[in-house]
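Here are some notes for a first look at this entry. Please read them with the structure open.

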Amino acid sequence: MNHLSSKDNSSGLKREDIHYTTKLSNNSSYDVARKSIKQSVERCGLGYIDLFLLHSPYGGKTARLESWKAVEDAIADGEVKIGGVSNYGIKHLQELMASKPRVLPAVNQIEVHPFNTRTEITSYCQEHDIVVEAYAPLVRAWRMKHPVIASLSNKYSCTPAQLLVRWSLQHGYVPLPKSVTKSRIVENGEVSGFEIDADGMNQMDGLDEYLVTDWDPVDAD
């Protein structure tokens, strides 16, 4: 908020121009989760959090449900606008829905890309109006030179990264590509000039090898 009200804000950036996401690192008790959310609001200095996620299903059923109640109360108190989860498998989503929550999760942030399509989870989310945020959509650059990726990138005159972002978008996901280079950040967003045809999408869908580039808590107890 200090930047928004300072002379350094030469572009006239407003609070509503920012979409701020943060997460609860560990599920435990209601009180711990509620305190953590309040601290996150204070530390970010933005007045409220746009999207707050439970980072993983670890901790067990009781901890997951207690932590979600804390998110619901934070939404009721105006500290959080939208609540969601991350790395949740189908059984975790079903568990949460069976608890008859006051607020349903709006987002499930999971690793999704052509080399780990997680079709069962993504289909379940879309059937229940849960937005799939795809992290590591560029496969951490591990498969940029794959023959199918290289061939389709050449066909559409795009970079492999742009092709992977476009694949996510055409599946209805919200891809979260990461880069520390400004030019690549801009480039990764320039994907509106082409559309992958059905044959190309099928080829990319067929690359699934359940490649996990980070962690994989979707089957946690």
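1. In β5, which residue is the bridge partner of Asn108? The partner is Val132. The model is a predicted one. The two strands concerned, β4 (residues 107-111) and β5 (residues 131-135), pair in the parallel sense, and five bridges join them.

2. That pair belongs to an open sheet of six strands, in the order β1-β2-β3-β4-β5-β6, with parallel pairing. β1 (21-24) and β6 (174-176) are the edge strands, each pairing on one side only. From one strand to the next, the twist averages 30 degrees.

3. Thr22 has Phe52 as its bridge partner in β2. Together with helix α1 (residues 30-44), β1 and β2 make a β-α-β unit, and this unit is right-handed.

4. Helix α2 (residues 61-76) lies across β1, β2 (49-54) and β3 (80-86). The angle at which α2 runs to β3 is about 160 degrees.

5. Helix α4 (residues 119-127) has the buried residues Ile121, Thr122, Tyr124 and Cys125. Seen down the axis of α4, these buried residues fall within an arc of 160 degrees, so they line one face of the helix. They pack against α3 (90-98), β4 and β5. Glu120 and Glu127 are exposed, on the face of α4 turned away from its buried side.

6. One backbone detail can be checked after α4. The helix is followed by Asp129, which has a positive phi, near 55 degrees.

Methods. Residues are numbered from 1 along each chain as its sequence is written. This is a predicted model: local features need pLDDT of at least 70, side-chain atom pairs count only at pLDDT 80 or more; totals for chains, interfaces and linings use all residues. Side-chain values use heavy atoms; hydrogens and water are left out. Two strands pair if DSSP finds at least two bridges between them. Helices (H or I, at least four residues) and strands (E, at least two) are DSSP runs, numbered from the N terminus. Axes are lines fitted to C-alpha atoms, for helices over the stretch in contact, and angles run from 0 to 180 degrees between N-to-C directions. Contact means heavy atoms within 4.5 Å. A crossover is right-handed if, with the strands pointing away from the viewer, the path from the first strand over the helix to the second runs clockwise. Buried means under 20% relative accessible area, exposed over 50%, partly exposed in between (1.4 Å probe, protein chains only). The arc is that of the directions from the helix axis to the C-beta atoms.
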